[in-house]
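Let's take a look at this protein together, starting with a single residue and then zooming out. Have the sequence and the 3D view ready.

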Amino acid sequence: MSIRRELVLDDVSRAIIEQLQEDGRRPYARIATAVGLSEAAVRQRVQRLLDAGVMQIVAVTDPLQVGFSRQAMVAVRTAGDPRAVGDAIAALPEVIYVVVTAGPADLLVEVVAEDDDQLLGTVARIRAVEGVTSTDTHLYLGLRKQTYAWGTRRPELPPAAGI
């Protein structure tokens with residue numbers, strides 16, 4: 001996955017995305033009323049946004065509720081190209097997120113596992129990937145915030161003091 005910057009969203013597309021971020025099952029007719037378009041126009045816009053890879057409409061589960069009691073973030077340091085190492089790690093089924101980073105770690109890898117044994121096995125498989133030089137595993141003890149409602153509006157910055 002790469003970061004794309006070529007598509008500029010207009011206010012109507014942003015509003016449609018916001019409606020779907022609140023409820024991914026919201027009917028097109030209701031979205032149309034909220035954004036001031038016809039239902040058919042909303043359906044077409046949503047399809048274009050999906051086809052362009054701007055968004056996905058998915059069911060997000062709570063790992064604890066579906067049998068994954070152990071979650072961790074694994075910081076990975078590599079030798080060579082971290083993108084190739086990241087692609088190899090991304091193929092592991094317990095790995096749900098891989099990002100190339102700048103800083104002490106070359107990759108951050110999020111893992112969900114049924115238990116400690118499965119997590120241990122996954123970390124061992126990550127360490128065995130060619131190009132991995134070391135890992136640091138950070139166990140999740142509690143979730144304080146997780147949101148997917150971002151990316152449509154720029155955050156308001158507080159006014160600068162003393163300027």
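## One residue to start with

Is Gln71 buried or exposed? In this predicted model, Gln71 has a relative accessibility of 18%. The cut-off for buried is under 20%, so Gln71 counts as buried.

Where does Gln71 sit, and what does it touch? You'll find Gln71 in strand β1. Leaving aside residues up to four places away in sequence, Gln71 touches Pro63, Glu110, Val111, Val112, His138, Leu139 and Tyr140.

## The sheet around it

Now zoom out. β1 belongs to an open sheet of four strands, in the order β2-β3-β1-β4. The pairing is antiparallel. As a bit of background, strands of a sheet pair through backbone hydrogen bonds, and they can do it parallel or antiparallel.

Which strands are at the edges? They are β2 (95-100) and β4 (132-139), and each of these pairs on one side only. On average, neighbouring strands of this sheet are turned by 20° against each other, ignoring direction.

## A pair up close

Take β2 and β3 (residues 107-113) as an example: this antiparallel pair is joined over five bridges.

Two helices to look for next are α4 and α5. Helix α4 (residues 82-90) lies across β1 (70-78), β2, β3 and β4, and runs at about 175° to β2. Helix α5 (residues 116-128) also lies across β1, β2, β3 and β4, and its angle to β4 is about 155°.

Conventions:
Residues numbered from 1 in each chain as written. Predicted model: local features only at pLDDT ≥ 70, side-chain atom pairs only at ≥ 80, totals over all residues. Heavy atoms only, no water. Pairing = 2+ DSSP bridges. Axes fitted to C-alpha atoms, helices over the stretch in contact; angles between N-to-C directions. Contact = heavy atoms within 4.5 Å. Buried < 20%, exposed > 50% of the residue type's maximum accessible area, 1.4 Å probe, protein only.
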